[in-house]
Amino acid sequence: MTGPVVGVDGGATRSRAVILDGDGREVARMEGGPAVADARSPDRAAAAVAELVRATATAAGVELPLPAVWAGLAGAGREDSRSAVQAALRGTALAAHVRVGTDVEAAFHHAFPSGPGILLVAGTGSMAHGRSEGGREARTGGWGPLLGDEGSGYSIALEALRSVVRARDGRGPETALTALLLGELGFAAEEALVSWSAEASKGQVAALAPTVIRAALGGDPVALDIEARAVEALRQHVLALVDLLGPWATSPAVGLTGGLLNPGGPLRDALARALAGDPVVLFNGAVDAALGAAYLARSLVNEPSA
């Protein structure tokens, strides 16, 4: 028995926390606002995690500080951001042991706690992480919205918005996306998109992606093209890791997670079809990053206090 521990999965849109009791059973789960690691404002992410952990502890009927908290946060792949948020989080008196890692690390640990596999994440951003049969690890993607995030909710929505203004100018074909996106945002004309897009967060932009996929299901050619390019970009994340981490004795398992790829997610079925002819096997279960983070928190308990 380790005593209750908490795992947090934080992203640009929302965060989730899970508390496990001393026997490893889930006793509480809650959702909160965004929590992204950023070296420029580490206290913001630490405060978001602390607020969610306190609420989840109250729901579980357990007292703080806990033995351990493990927070997997978007943006924590950069060492300066990870260490800054970890230091700020240690100042909140949430737990005796505190560790900050990436949300992908937490999700990967749930899907593949040991052994080989590839995890593809597509939500607000996109990336993939893999482990070879010999234990080597590598990633693809995760370069952020300016350099990467191909196939992500942000990139899908941004390309859709660009298609709308191109159609307005006559530089591109007319598209059902114009009425759908303007209607969802409550705007009467395309000109309103200029100030909105300049001020909108990544999460707000990415939230438009399901509308783009619905337009594709409705047969809109522009939306279909955006969807097809997104699916192919995500497929290439996986195939790059297959090559980087091979050769493989058996076809690697591929887990899918993130808002676009979770069970019932708008791109999950299309991506599964795209990968059907590739040398991989889909891991069909749901991937739970918050639970993976909680399992990692349990492993911290026997470490020396930091």
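A residue counts as buried when its relative accessible area is under 20%, as exposed when over 50%, and as partly exposed in between, with a 1.4 Å probe and protein chains only. The model is predicted, so local features need pLDDT of at least 70, side-chain atom pairs count only at pLDDT 80 or more, and totals for chains, interfaces and linings use all residues. Residues are numbered from 1 along each chain as its sequence is written, and side-chain values use heavy atoms, with hydrogens and water left out.

We begin with charged pairs. A salt bridge is a side-chain nitrogen of Lys or Arg within 4 Å of a carboxyl oxygen of Asp or Glu. The whole structure holds 18 salt bridges. One of them joins Asp-23 to Arg-25, with 3.2 Å between the closest N and O atoms. Asp-23 is partly exposed, at a relative accessible area of 45%, while Arg-25 is exposed at 52%. Elsewhere, a network of salt bridges links Asp-9, Arg-14, Arg-16 and Glu-31.

Arg-235 takes part in a salt bridge with Glu-232, where the closest N and O atoms are 3.0 Å apart. Helices (H or I, at least four residues) and strands (E, at least two) are DSSP runs, numbered from the N terminus. Glu-232 and Arg-235 stand 3 residues apart in helix H10, which means that about one helical turn separates them. Glu-232 is partly exposed at 33% relative accessibility. Arg-235 also meets the side chain of Asp-278 in a salt bridge of 2.7 Å, N to O. Because Asp-278 lies in the loop between H11 and strand S10 (281-283) and Arg-235 in helix H10, this pair ties together parts that are 43 residues apart in sequence. Both Asp-278 and Arg-235 are buried.

Next comes the packing of helices. Two packed helices are described by the angle between their axes and the distance between the axes. Axes are lines fitted to C-alpha atoms, for helices over the stretch in contact, and angles run from 0 to 180 degrees between N-to-C directions. Helix H10 (residues 221-245) packs against helix H11 (residues 268-275) at about 55°, and their axes are 10 Å apart. H10 is therefore oblique to H11; angles under 35 degrees count as roughly parallel, over 145 as roughly antiparallel, 65 to 115 as roughly perpendicular and the rest as oblique. For helix H1 (residues 42-60) and helix H2 (residues 79-90), the axes come within 8 Å and cross at roughly 50°. H1 and H2 are thus oblique to each other as well.

Some loops have backbone features to look at. The peptide bond from Leu-64 to Pro-65 is cis, with omega near 0°, and Pro-65 sits in the loop between H1 and strand S4 (66-73). The bond from Gly-246 to Pro-247 is also cis, with omega near 0°; Pro-247 belongs to the loop between H10 and strand S9 (253-257). Ala-93 is a residue other than glycine with a positive phi, near 60°. Ala-93 lies in the loop between H2 and strand S5 (95-101) and is exposed, at 52% relative accessible area. Asp-149 likewise has phi near 60°, in the loop between H4 and helix H5 (153-169), but Asp-149 is buried at 4%.
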